[in-house]
Amino acid sequence: MTELLEMKQRLKIFYGKYDVYLKPALKFLLALFAFFMINEQIGFMQKLSGPAVSLLLALLCSFLPVNMIAVFAGLLVCAHAYALSLEVFAMAAGLLAVMYILYFRVSPKYGYVLVLTPIAFLLKIPYAVPLTMGLLGGPACVVPVACGTVFYYLIYYMKNNEAMLASSETEQMTSRLSYLVENVLNNKTVILTVLVFAVVLMIVYAIHRLSADHAWHIAIGAGAVTNIVLFLVGALVMQVKVPIIQLILGTLVSIVIAMAVEFFVFSVDYSRTEYAQFEDDEYYYYVKAVPKMSIAVSDKQVKRINTRHRTGQRKRH
């Protein structure tokens, strides 16, 4: 435990010292991963699917706010949708426009959540998003999580139905819009996922704010159990197929991620909890103070002494 606390403290010192360089680097890596993911999944427009375009866009995003990563990702999806057909482009552009208007209106400071959510789906650990954002964010995070979920499923259905969406037959042209609406907006899997993530996020947020000991750990456990139970119950009620093994394994990995977040962000020592009580003319105050775990990082300095030089000086004397 001491080694972990020392590593945490060193990371905090390192980030505080080099944050001017680390922030653009982290934004560059996040943008690069997002753009590569989009081009890998739906690289229908050959001119934009090359690595050079992803590198240039990621480099540009490293100097811009995080929200611009989401904007460029949406434009990239629209470009690939246009390569399929005009109807798909219109549907994707309209859907993304509505989502972004809602997002920028409600929670514009959580752009990284909107970008990380589809990435988490691709890595098979989407359940980590509501667990961690319930700890780090608040109710406003429900919107970017929902938008990121819809964003992922839009890419998913474009990828798996390329032949039908790109068909030039007249009877197919009239069914493209209805198909996308049915499979993205009116899809039971999408609706169930958005609802479960919203409930899990709110439960984790509400519990971790309690003054009870180990509230963050209880919140993570309650959120994980709620996630599994709601998906299983929702699958039975809404007649949706849910991969049970993937659900359980993904939730377990998400618990580990959430515990790591709790350690690096919160990490308190409940054994040294102190209680204070005082009053003024109008109120009585009861205060519970829980100290954070911290450790002093040793600063080792090695001094090198040139013994040969000193020996030579003595011989001369």
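1. Strand S2 spans residues 284-289, and Tyr286 is found within this strand. The model under discussion is a predicted one. The relative accessible area of Tyr286 is 63%. Since exposed residues are those over 50%, Tyr286 is classed as exposed.

2. The surroundings of Tyr286 deserve a remark. Leaving aside residues up to four places away in sequence, Tyr286 touches Ala276 and Gln277. Tyr286 and Ala276 are 10 residues apart along the chain, and their C-alpha atoms are 5.9 Å apart in space.

3. Helix H2 comprises residues 51-61 and includes Ser54. Is Ser54 buried or exposed? With a relative accessibility of 1%, Ser54 counts as buried, the limit for that class being under 20%. Apart from residues up to four places away in sequence, Ser54 is in contact with Leu32, Phe35, Phe36 and Asn39.

4. Ser54 is one of the buried residues of H2, which also include Leu57, Ala58 and Cys61. Viewed down the axis of H2, the buried residues lie within an arc of 100°, and they therefore line one face of the helix.

5. The next points concern helix packing. Two packed helices are described by the angle between their axes and by the distance between the axes. Helix H5 (residues 111-122) and helix H7 (residues 142-160) have axes that come within 8 Å and cross at roughly 45°. H5 is therefore oblique to H7. The crossing of these two helices is right-handed.

6. Which residues bring H5 and H7 together? On the H5 side they are Val113, Leu114, Thr117, Pro118, Phe121 and Leu122. These meet Pro144, Val145, Cys147, Gly148, Thr149, Phe151, Tyr152 and Tyr153 of H7. Sorted by class, this contact has 11 nonpolar residues, three polar residues and no charged residues.

7. H7 also packs against helix H11 (residues 188-208), at an angle of about 155° and with the axes 10 Å apart. Because an angle over 145 degrees counts as roughly antiparallel, H7 is described as roughly antiparallel to H11. The crossing of H7 and H11 is right-handed.

8. In the contact between H7 and H11, the residues from H7 are Val142, Val145, Ala146, Thr149, Val150 and Tyr153. Their partners in H11 are Thr189, Val190, Thr193, Val194, Phe197, Ala198, Leu201 and Met202. By class, the contact of H7 with H11 consists of 11 nonpolar, three polar and no charged residues.

Key: Residues numbered from 1 in each chain as written. Predicted model: local features only at pLDDT ≥ 70, side-chain atom pairs only at ≥ 80, totals over all residues. Heavy atoms only, no water. Helix = DSSP H or I, 4+ residues; strand = E, 2+ residues; numbered from the N terminus. Buried < 20%, exposed > 50% of the residue type's maximum accessible area, 1.4 Å probe, protein only. Contact = heavy atoms within 4.5 Å. Axes fitted to C-alpha atoms, helices over the stretch in contact; angles between N-to-C directions. Parallel < 35°, antiparallel > 145°, perpendicular 65-115°, else oblique. Left-handed = near helix turned anticlockwise from the far one by under 90°. Nonpolar A, V, L, I, M, F, W, Y, C, P; charged D, E, K, R; others polar. Arc of directions from axis to C-beta.
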